[in-house]
Structure formats: C-alpha cells, structure tokens
Amino acid sequence: MADLNRTALHALHLRLGAKMVPFAGYDMPVQYPAGVLKEHLHTRSVAGLFDVGHMGQVLVTAISGRQADAALALERLVPVDLAGLAEGRQRYGFLTNEAGGIIDDLMIANRGDHFLIVVNASRKTEDLAALRAGLPDCDVAEVPGRGLIALQGPGAEAALARLVPDAPEFAFMDVGIRLWQGVELWISRSGYTGEDGFEISVPDAFAEALAERLLEMPEVAPIGLGARDSLRLEAGLCLYGHDIDEETSPVEAGLSWAIQKIRRTGGARAGGFPGAGRILRELAEGPARKRRGLRPEGRAPMREGVEIYAGEEGGAPIGRVTSGGFGPSIEAPMAMAYLPPDLPEGSTVYGDVRGKRLPARIVPMPFRPATFKR
Amino acid sequence: MKFTEDHEWLRVEGDLVIVGITEHASEQLGDVVFVDLPAAGRSVNTGDEVVVIESVKAASDILAPLEGEIVAVNDALADTPALVNEDPLGAGWFFKMKVADLSALDGFMDEAAYKALIG
C-alpha cells in the first residue's frame, strides 16, 4: 500500500473512521462507519460529501490564445459541440478512438480563455496522451495541487450557500470561480449521483478545511466510494472500465444524447473525430448491441460478469452484466447489460446467478429519476 | 457457543446445531441485502456452500461447518435480510442442522479463542 497516492483529504478520512481501499492507484474511502446503505440514503435525503480528488483536472488552452481555436481543436477528439458551448457552461463528452470506442468519458467546461476537463482517475495517462497527441495547437496541462470535492443531494445548495452566497444561482452544468476565505474555488453544478449538487475544485492546502467546514453542517455527511457506486448505478450513469471502454461505442452505450446534431451527419460540423465512421453509421442505422437496464425479480443482485440468456434453458448468452448491485433507494436489485438492440422494454431475460437462471425485466434507465436543478 | 475460522457461530439447541455469522463477519460484509438459504431437508458435507450472503458490496459464501442435514432455515431473512447486521448472534441466524455426533463441536474455537483470532 506504500506506493498508493493520497488525496488532500486522506488524513480526514482516517480521522472519520473510513475503511480505505485501493482505487485507481489511490488509497480511498469505500465507506465510513455509517455504512454504504445509510450513506446512500443520506445523500438522497439530505446531502453527502465525496472526495473525488483522485480524478484528473486538465486545462486545454489554444496556443493562438483564441478560445474558438481551442474549441475546434477539441472537437477533433470529442464528438460533442464545443464551439457552441457558452462561457461558464459545462458539457458531458468523451474521447473516442479510431475504432469508435471510448477512451474516457469527461466533463468539459468553457472557462473563457481555456477549457477545464475533468477525467477519470483510472484514465489520466491515456487521456493526457490522447489530448497531447491530438492537440499540437494547444497547451495541455494537468492542474497540480488541487483537490476535488463533490457535494450532492437536495441539501447541497443550502449547505454550499453558507460559504458561497450565490451558489443557488448556478444552473445545472454552470461553472464559475468563487472566493471562499480568499481561496479560489472552481465550482460546477453537476455530479455523479442523479441528485442536484456541486463539484468544487479547491487548492490541496485548503481542501481539508473546506471539507470540515461543510461536514460541520447538519445536512452534510461523508460518503464513500461504495455509496457513490450505488448512487450512480441507480441514476443509470456509466462507470468507465465497466459499462464503457475502448470497445463500446457511445451509441451502444446509450450516450447518443451527448452527440449534438451539429456533429452528426447533415450537421455543420459533422464528424471529424476519431471513429466517426462507426459512430455516425450507428447513429443512422442503429448499433449491434445496446446498454440496457435490468430489474432482476426477487432480491438477488446480478453483479458484473453475470451472463444473460434469452430463455430459462439452453442457448448461448446474449449479453453480460457490466454493473449490477442493490439499489438502496429503489429497494431492489438493478443491473446494466449489453444486449441485442431489438429486445422491447418490459421483456424478460435470464441472468445466470451461481448456476441458476433468474428472471430480469428490461426497464428504462435511470432506475430512479434524477432531480437536477435545470 | 462455538466459532469457526470462517466467522460462523454454532450453538447447540437440543439435538440441533444453529448456525449464523459473527458480529465481526457481519461488520466486514456491510449491509446485507439478500440471503440465499438452502432448502430444509438438504444433506450437506463439511465445507459445502450452503448459504450465499449478498451485501451492498459483494456476495459471500457460508460453508457447512459439519456433516449433517439442514432441518430448518430462517425464513425471516427473506423479507428482512438486515437482521444479519442488526442481530447476527440472534434473530439473524441462518439454519439449524442435525448432526450425527454433537461432540464434533468440541473441535471448534470457544469465544476466547475466536476473540484472539480476530484480534
């Protein structure tokens, strides 16, 4: 464990009694003494504080100094509309590879004279390599020395407003810089739980003070990676390396909504990103498989790796669970699996759980509706 | 009460042995959301997988500590799997089994030895 990285909140996690696990090269809290179930439900009912300081924060600046150049340069790597992304706004996107697979999924914010990109901890190396190789006309720099805290749940707004009075004025996916006790906070109204909330980038030296100040508030409890996973799963959100990877296309993954019309066939800036051939074709003709939501009958979870069959007996598997577990808010098991695209919603498939084929219904995602502030 | 190295407890009730998991095991598992119990009447050998516990984190197997026959299972766990966390040594029991020779329990740890094991 000696060579694991630590976030700026590591000592705080230990003081809070967290159970620590290795995650993407970091020693991270998987749960606190309250446990995954209570942490999950607390986030949904009031507010949870998550250390996401293991994630990468990357700045992309055009060498010309013109933001329009940076936007068009990034559009060579990302199939989303960035030239049309207003200053102070953020958008979900992904880096694609030549085969139309996903190198990583990311949040991209227009900060006026550069873009701030937040990437998965496990994919920092690949992301930086792809950005540097694909953007010779931009400066690509990982932000050093800043932690990242997510504050999520219906009480997040009131909690943050005590420190940042105009926090309630941020709309969903707005980004901005605010001062707290003279320290620059980079704030976005976004998250990974299906709840309203904020993600706050803070200098490492002040991360613990900010987290403690928030944790003093009656609404806010610390939440570990365990509940982060069950929250995002209920929200139908993908986890890189599980639900999406270098083989899965955004269309197969059900992420077509993130590819704006202007980047699709017939749009003013159609294509021009890696794997455009496959991705635009799948948008027009449909993909060979699709990420679908499953609600297993009964209470037995279908976890990652469970093979899915069309019938109760015989036949070859038609797919595999990529993420699955128990949803504390829906009080039932839930799973995501790649399945043939023509299976209608409501139809029943069977998951092989320890040698028994158990029925599961194909359902729309999210499993639990999101509560964003639009 | 006796204890196994797999963090199960065994308690004799008449000529039956009741089996559950220890508080230590229940804490390590985290919140239990589903318990897959065997059918009553099943004959088991020592080391057979007889129960699967699904927690919010993972699935874990419970092995039969002795050879014998499962004569009863705790049906309350079907609706309230959280009993395993709330009362692991009592209401959270898994099954009762009939064994050929109760003296086989002498080979398991007593409470002091188990406490020493988990530190």
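Gln181(A) is exposed, at a relative accessible area of 67% (exposed is over 50%, buried under 20%, partly exposed in between, with a 1.4 Å probe and protein chains only). Its phi is positive, about 50°, although Gln181(A) is not a glycine. You'll find Gln181(A) in the loop between β10 (175-180) and β11 (183-188) of chain A (strands are DSSP E runs of at least two residues, numbered from the N terminus).

Ala24(A) also has a positive phi, near 50°. This one sits in the loop between β1 (19-23) and β2 (26-31) of chain A, and Ala24(A) is partly exposed at 35%.

## About the model

This is a predicted model, where local features need pLDDT of at least 70, side-chain atom pairs need 80 or more, and totals for chains, interfaces and linings use all residues. Residues are numbered from 1 along each chain as its sequence is written, chains are lettered from A in the order written, and side-chain values use heavy atoms, leaving out hydrogens and water.

## A cis proline

Met365(A) and Pro366(A) are joined by a cis peptide bond, with omega about 0°. Pro366(A) belongs to the segment after β19 (356-363) of chain A.

## Where the chains meet

On the B side, 14 residues are in contact with 12 residues of chain A (heavy atoms within 4.5 Å). Three salt bridges cross this interface (a Lys or Arg side-chain nitrogen within 4 Å of an Asp or Glu carboxyl oxygen). One of them pairs Asp36(B) with Lys356(A), the closest N and O atoms being 3.4 Å apart. In chain B, β4 (32-36) and β6 (49-55) each supply at least two residues of the side touching chain A.

Definitions and conventions
Helices (H or I, at least four residues) and strands (E, at least two) are DSSP runs, numbered from the N terminus.
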